[in-house]
Amino acid sequence: WFLTIFGGGPATLIDGVEKAALENPELGILIPDMKEAAKAQNTLKEVYKGFFLEHVPHLLYRVREEQGGVSYTIFGRPRIIQSIYSSYDKEREAAEREAVSLEVQGTAADLMRMATNKVGGIPGGRLVLSVHDELVSSCLDGTDAMWYHGKMREAMELGQPLGDVPLVVSMKIGKNWKEVHG
């Protein structure tokens with residue numbers, strides 16, 4: 001689905017599904033044909049038409065016409081999109097995907113960075129590692145795990161910085177990785 005969000009066509013979706021199927025044969029992933037991939041993408045675009053028909057064109061207009069070829073995350077981190085003005089279709093389309101990707105994935109990265117900094121400052125525990133969109137923490141001896149859990153959730157929700165878009169945090173407590181993810 002992310003391939004569609006960032007501007008990939010049906011062939012790109014098929015390539016992504018095929019890669020996932022080859023890397024995870026135990027999942028029995030079925031590879032769609034071109035017609036099925038196009039239908040899946042059209043369904044996604046219909047369900048999220050506000051994103052595809054309003055937001056993306058407006059974002060690309062802003063990057064080209066108002067921001068001088070610079071795309072920003074929601075928190076204002078910039079990235080120069082060099083090829084956004086290219087006369088070569090493939091190069092320009094790749095730049096457009098990059099501009100959309102920065103806003104979506106760059107904002108997610110900004111949120112993780114902010115959450116990591118806040119969680120790292122909670123007394124009574126220590127941040128062990130970050131894995132994609134997960135933070136793994138450990139309570140120090142004498143720290144109540146439920147108290148730390150509450151403080152960690154509060155820190156990760158970041159005061160809901162996205163306004164009308166809720167930042168949902170799911171958490172688990174366990175004595176080890178297997179207990180939490182097993």
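1. Ser137 counts as partly exposed, at 23% relative accessibility (partly exposed lies between buried, under 20% relative accessible area, and exposed, over 50%, with a 1.4 Å probe and protein chains only). The residue is found in strand E4, residues 134–139; helices (H or I, at least four residues) and strands (E, at least two) are DSSP runs, numbered from the N terminus.

2. A word on the source, before going further. This is a predicted model, in which local features need pLDDT of at least 70 and side-chain atom pairs count only at pLDDT 80 or more, while totals for chains, interfaces and linings use all residues. Residues are numbered from 1 along each chain as its sequence is written, and side-chain values use heavy atoms, with hydrogens and water left out.

3. Back to Ser137 and its surroundings. Leaving aside neighbours within four places in sequence, Ser137 is in contact with Val119, Arg126, Leu127, Val128, Tyr148 and Met152 (contact means heavy atoms within 4.5 Å). Its side chain and that of Tyr148 are joined by a polar contact of 3.0 Å, and the Ser137 side chain also reaches the backbone oxygen of Arg126 at 3.3 Å. A polar contact here is a pair of N or O atoms within 3.5 Å; within protein, one must be able to donate a hydrogen and the other to accept it, and residues adjacent in sequence count only if both atoms are side-chain atoms. Thr107 is 30 residues from Ser137 along the chain, and their C-alpha atoms are separated by 23 Å.

4. Glu103 may also be worth a look on your screen. This residue belongs to helix H5, residues 89–120, and is buried, with a relative accessible area of 11%. Neighbours within four places aside, Glu103 is in contact with His55, Leu59, Arg62, Tyr72, Thr73 and Ile74.

5. Now helix H2, residues 10–23. Its 14 residues should span 20 Å at 1.5 Å a residue, and the end C-alpha atoms are 20 Å apart, which agrees (the expected span is 1.5 Å times one less than the number of residues). Leu13, Ile14, Val17 and Ala21 are buried in H2. They cover an arc of only 100 degrees around the axis, which puts them on the same side of H2; the arc is that of the directions from the helix axis to the C-beta atoms. Lys19, Leu22 and Glu23 are exposed on the other side of H2.

6. Helix H3, residues 34–47, also has 14 residues, and reaches 20 Å from its first C-alpha to its last, close to the 20 Å expected. The buried residues of H3 are Ala37, Gln41 and Leu44. They lie on the same side of H3, because their arc around the axis is only 60 degrees. An α-helix has 3.6 residues a turn, so residues three or four places apart point the same way. On the other side of H3, Lys35, Lys39 and Val47 are exposed. At the start of H3, a side-chain oxygen of Asp33 comes within 3.1 Å of the backbone nitrogen of Lys35.

7. Finally, the whole chain. The protein has seven helices and four strands, in the order α-α-α-α-β-β-α-β-β-α-α along the sequence. Its radius of gyration is 20 Å, well over the 16 Å that the globule rule gives for 182 residues, so the protein is more spread out than a compact globule (the radius is taken over C-alpha atoms; the rule is 2.2 Å times the number of residues to the power 0.38). Along the principal axes, the C-alpha atoms fill a box of roughly 60 × 45 × 25 Å. Buried residues make up 29% of the 182.
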